[in-house]
Amino acid sequence: MTNFLSLADVTDLDALIQSGLAAKANPFADQHLGKNKTIGLIFFNSSLRTRLSTQKAAQNLGLNVMMMNVGQDSWGLEMEEGVLMNGDKAEHIREAAAVIGRYCDIIGIRAFAELKDRDKDYREQVMNQFAKYARVPIVNLESATRHPLQSLADCITIEEAKDASAVIPARPKVVLTWLPHFKPLPQAVANSFCEWMNARARSGDVDFVVTHPEGYELAPEFVGNAPVIYNQTEAFAGADFIYGKNWSSYTHYGQVLTQDPSWAVTMDDMNLTNQGKFMHCLPVRRNLKVSDAVLDSPQSLVIEQAANREWSAQAVLKEILTRA
């Protein structure tokens, strides 16, 4: 693993999941790997779980950690090539990424979609420019189209829950459901979850279903062969895991087409499942997207899921350090 930008950079998904579980069981076993090395965590957008979990994982591996908020702790960065820099961006990515690459052995980048220009967002300009000019491994801390560290944590969480439950089958039914929200949100988490669950489905580990209102179809390359059901009640029937997430329209890019409250997850919805577990990447707006009763119930995995972000980051960083 040179970079960790998407699932395409993972050679053995099962081994990476097991590495995360091993790190959880013995967090400091590989501290020697990061000794006298530094990771830089660069944030173009706000963060809670990603910032803290990646810093903690890096420290578990003995890495020094530097963090920077672009535009607050640094100059604004120009990403376009060949431009006349007479605007509000004082530094070009060519110099900035190259310099950060001299200071750091690994760089983690968080940069959301702007939801204005679909082609620009889906080109992943920020990630690709850093990968081009930094010349050190790049870790995706959430990009315009993907959030692979979250997806790995989701896989770890599902495996743990399967092992701890007497009712979850060896091949559980996993449902990704759209949730209502009043402002447009990126497709990154939903895209990434689809990408990783489809990989698990191909290997026979899960049955994967997507449900959302019409008009909220995700990019075909992420949905793959997963069945798409426009009736949430039908999709929830017999499910073992419900993964809730809002996203804005891909076809009518960045738009909110409906705020239908009937798509919010309640205990009545969860009662349709096979004693199913509820998952969400957080943050979550209570009683808008999902009810208090669901979030505070024994069926909710959201806190354990967030805690597993540390172990997904540690598994990825260990892989990069081992191959360095």
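Start by selecting β1, helix α2 (residues 49–60) and β2: together they make a right-handed β-α-β unit. Right-handed here means that, with the strands pointing away from you, the path from the first strand over the helix to the second runs clockwise. Helices (H or I, at least four residues) and strands (E, at least two) are DSSP runs, numbered from the N terminus. Before you go on: this is a predicted model, where local features need pLDDT of at least 70, side-chain atom pairs count only at pLDDT 80 or more, and totals for chains, interfaces and linings use all residues. Residues are numbered from 1 along each chain as its sequence is written, and side-chain values use heavy atoms, with hydrogens and water left out.

Now hide the helix and keep the strands. β1 (residues 38–43) and β2 (residues 64–69) run parallel, joined by six bridges; strands pair if DSSP finds at least two bridges between them. Pick Ile-39 and look across to Val-65 in β2, which stands opposite.

Next, jump to helix α7 (residues 188–202) and select Arg-200. Is Arg-200 buried or exposed? It counts as buried, because its relative accessibility is 4% (buried is under 20% relative accessible area, exposed over 50%, partly exposed in between; 1.4 Å probe, protein chains only). Show its contacts (heavy atoms within 4.5 Å): leaving aside residues up to four places away in sequence, Arg-200 touches Leu-13, Asp-14, Ile-17, Cys-155, Glu-159, Asp-205 and Val-206.

Last stop, the cysteines. Taking a disulfide as a pair of cysteine sulfur atoms within 2.5 Å, the count is zero. Cys-194 is in no disulfide, and the nearest cysteine sulfur, that of Cys-155, is 12 Å away. Cys-194 is buried, at 0% relative accessibility, and Cys-104 is buried at 5%.
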